[in-house]
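This briefing is intended to accompany the structure shown below.

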Amino acid sequence: MVQEKTATPAPGAPAEGPVAGSPPGRTAFATARRAFPARIAAALVGGLLLFLAFPPLGLWFLAPFGLALAVLSVYGSRPRRALLLGLLTGLAFLLPALHWVSPIGVDAWLGLVAIESLFYSAWAAGVALTVRLPLWPLWSAALWVAMEWARGMFPVGGFPWARVAFSQGQSVFTPYAALGGAPLVTFAVALCGGLIALLALRLAAAPRWDRAIALPLAGVLAVPAAAFAVPRFGDEGRTVTVGVIQGNVPGRGMDPLGDEPAVVLRNHTGMLHEMARAVREGRTPRPDLVVLPENSTDIDPYRSDVAYREIDAAVKDIGVPVLVGAVVGVGEDNRATRSLVWDPVTGPGAYYDKQQLVPFGEYTPLKDLVLALFERAAMVGKQSVPGTRDGDLRMGPVTVGAINCYEVAFDGVVRDTARTGATPLVVQTNNATYALTNLPPQQLAMSQLRAVEHNRAVVTSAITGISAYVTPDGAVAWRTGELVPASNVLSIPVRTAETIATRVGALPEWALILVSAGALAAGWRRRPRNLVHSVNQEGDQQVGDA
């Protein structure tokens with residue numbers, strides 16, 4: 001069965017008209033065979049350009065072109081064939097973008113990529129339907145937002161890594177985050193990509209300057225330019241001095257904490273003592289508070305007197321509240337990943353327990369079945385339980401917003417913490433298993449976007465790096481290398497004004513999801529009923545309607 005329209009050639013394919021006297025079905029079949037390799041190439045190159053837009057390369061300006069090629073690969077195709085083309089885009093993008101998963105196992109990496117690529121396949125089928133509608137670049141962009149929302153929800157709590165917005169840590173599109181968060185940034189980039197695709201189609205159909213060319217070109221320029229009109233927040237004249245410590249770990253890969261207990265604990269308490277000496281000797285300013293990374297103690301301080309005394313002595317030495325990252329026991333069978341405020345006078349006090357847990361890393365979904373099928377799943381050990389409150393924690397002169405590692409990718413967790421009024425935001429993270437992969441720079445780009453989204457400075461303390469300080473404007477003002485001990489004492493601006501994105505929450509995302517649903521319904525009603533109908537629908541009519 002022929003799956004494609006034939007009047008609109010695929011990107012890069014020569015435009016060919018019907019052969020005189022040939023039946024429409026035969027002509028369509030021949031054209032489809034010639035066009036399909038070009039569609040495959042567009043899908044693969046589009047996915048690769050998306051990958052290049054993400055850190056560590058960070059060529060953010062390639063993202064709209066990658067999306068344009070992804071759209072062009074399915075433009076004029078039937079939804080059934082678009083499923084395959086979208087899958088190829090997803091694979092070309094995610095195989096390198098999620099390569100950081102491979103230290104867990106090549107099977108885990110490939111399995112995750114395969115599952116996530118199915119969402120891109122569904123997106124492509126939706127685009128194949130909606131490009132038949134007027135103003136289709138809007139609908140294809142809204143569909144991309146809906147696809148990323150679905151990825152962030154399903155399965156087992158979702159996996160919102162590698163969203164298009166996270167390639168825009170500091171770009172011309174970043175200011176949109178203050179209006180509608182990550183979903184609006186994704187929409188703006190995808191809309192720009194759709195307009196580039198429309199421009200390419202019109203140039204291919206009639207390469208002359210007229211209104212049909214001018215309008216999409218104006219749109220391509222206007223979408224990023226409009227971001228400069230987003231209101232910006234000024235300095236409020238208040239700062240807090242924050243110490244950041246990156247203690248490093250002895251192990252690598254799946255055993256980052258090493259075999260000898262308390263090494264990681266001593267790495268971090270030792271650096272706390274060193275910071276205290278530097279303060280006493282006048283080599284560094286006295287901090288108002290200090291942040292240690294996730295898993296900065298490899299021993300539960302609630303259950304180990306040795307760990308308790310080590311941490312307490314170091315905190316008393318520095319003389320200010322310290323945010324300690326610890327995995328602590330909850331009952332006999334469970335655990336929690338905890339951000340624990342340790343006071344130099346009163347000891348351990350208020351805490352935040354990680355809410356968004358890592359499936360198969362901190363807990364095992366469908367535990368009995370998974371453990372029976374995969375021996376490696378037993379490495380999770382005790383099952384983590386999620387926290388039930390936001391991460392606002394009072395520390396010295398400010399209330400910080402604690403966010404734990406994986407959570408920085410989830411809009412709701414970060415937004416709910418920002419809504420408490422907490423400032424600055426503090427991300428404690430343990431990237432030791434993924435050191436020197438593309439995960440740490442990708443995670444830093446998320447912090448950059450969150451800073452702009454909520455008008456908050458973001459301080460990241462990573463056990464092996466990258467630790468960093470991101471200004472409320474999204475600039476990385478300080479960062480460490482990886483796999484090295486490092487520390488600094490930083491003057492951090494305290495911002496309290498809320499952005500529109502913080503106040504309206506998920507409303508822009510839900511609006512775009514509803515728009516995409518309406519476009520899908522309209523596209524389904526207008527789908528071609530048979531091959532002859534498809535052949536008789538001229539591709540330039542679609543372009544003109546847009």
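Asp317 has a relative accessible area of 25%, which means that the residue is partly exposed. The model under discussion is predicted. Its protein chain comprises 546 residues, of which 58% count as buried.

- The side chain of Asp317 forms a salt bridge with that of Arg280, with an N to O distance of 2.6 Å.
- This pair links distant parts of the chain, since Asp317 belongs to helix 9 (residues 305-318) and Arg280 to helix 8 (residues 263-280), 37 residues apart.
- Arg280 is exposed, because its relative accessible area of 54% lies over the 50% cut-off.

**Other salt bridges**

- The whole structure contains 15 salt bridges.
- Arg283 and Glu281 are joined through their side chains in a salt bridge of 2.7 Å, N to O, and both of these residues are exposed.
- A salt bridge also connects Glu294 with Lys354, where the closest N and O atoms are 3.6 Å apart.
- A network of salt bridges links Arg163, Asp411, Arg450 and Glu453.

**Largest cavity**

- Three cavities of 30 Å³ or more are found in the structure, and the largest has a volume of about 60 Å³.
- The lining of the largest cavity is made up of Gly180, Gly181, Pro183, Asp411, Arg415, Glu453, Ala501, Gly505, Ala506 and Glu509.
- Helix 6 (177-205) and helix 11 (411-419) each contribute at least two residues to this lining, and helix 6 provides the largest share, three residues.
- Classified by type, the lining of the largest cavity consists of four charged, three polar and three nonpolar residues.
- Asp411 and Glu453 are among the residues lining the largest cavity, and both also belong to the salt-bridge network with Arg163 and Arg450.

**Second largest cavity**

- Helix 12 (residues 439-454) gives the most to the lining of the second largest cavity, namely four residues.
- The lining of the second largest cavity has no charged residues, with four polar and three nonpolar ones, while the lining of the largest cavity has four charged residues.

**Helix 3**

- Helix 3 (residues 79-97) has 19 residues, so at 1.5 Å a residue it should span 27 Å; its end C-alpha atoms are 26 Å apart, in agreement with that value.
- The buried residues of helix 3 are Ala82, Leu85, Gly86, Leu88, Thr89, Gly90, Ala92, Phe93, Leu94 and Ala97.

**Overall architecture**

- The protein has 16 helices together with 13 strands.
- Among contacts in the protein with a separation of 6 or more, 72% are between residues 24 or more positions apart.

Key: Residues are numbered from 1 along each chain as its sequence is written. This is a predicted model: local features need pLDDT of at least 70, side-chain atom pairs count only at pLDDT 80 or more; totals for chains, interfaces and linings use all residues. Side-chain values use heavy atoms; hydrogens and water are left out. The expected span of a helix is 1.5 Å times one less than its number of residues. Buried means under 20% relative accessible area, exposed over 50%, partly exposed in between (1.4 Å probe, protein chains only). On a 1 Å grid over the protein atoms alone, a cavity is a set of points where a 1.4 Å probe fits but cannot get out, and a pocket is an open set with protein on both sides within 12 Å along at least five of seven lines; lining residues have an atom within 4 Å of a point. Grid points are joined across faces, edges and corners, and a volume is the space filled by probe spheres set on the points. Ala, Val, Leu, Ile, Met, Phe, Trp, Tyr, Cys and Pro count as nonpolar, Asp, Glu, Lys and Arg as charged, and the others, Gly among them, as polar. A salt bridge is a side-chain nitrogen of Lys or Arg within 4 Å of a carboxyl oxygen of Asp or Glu. Contact means heavy atoms within 4.5 Å.
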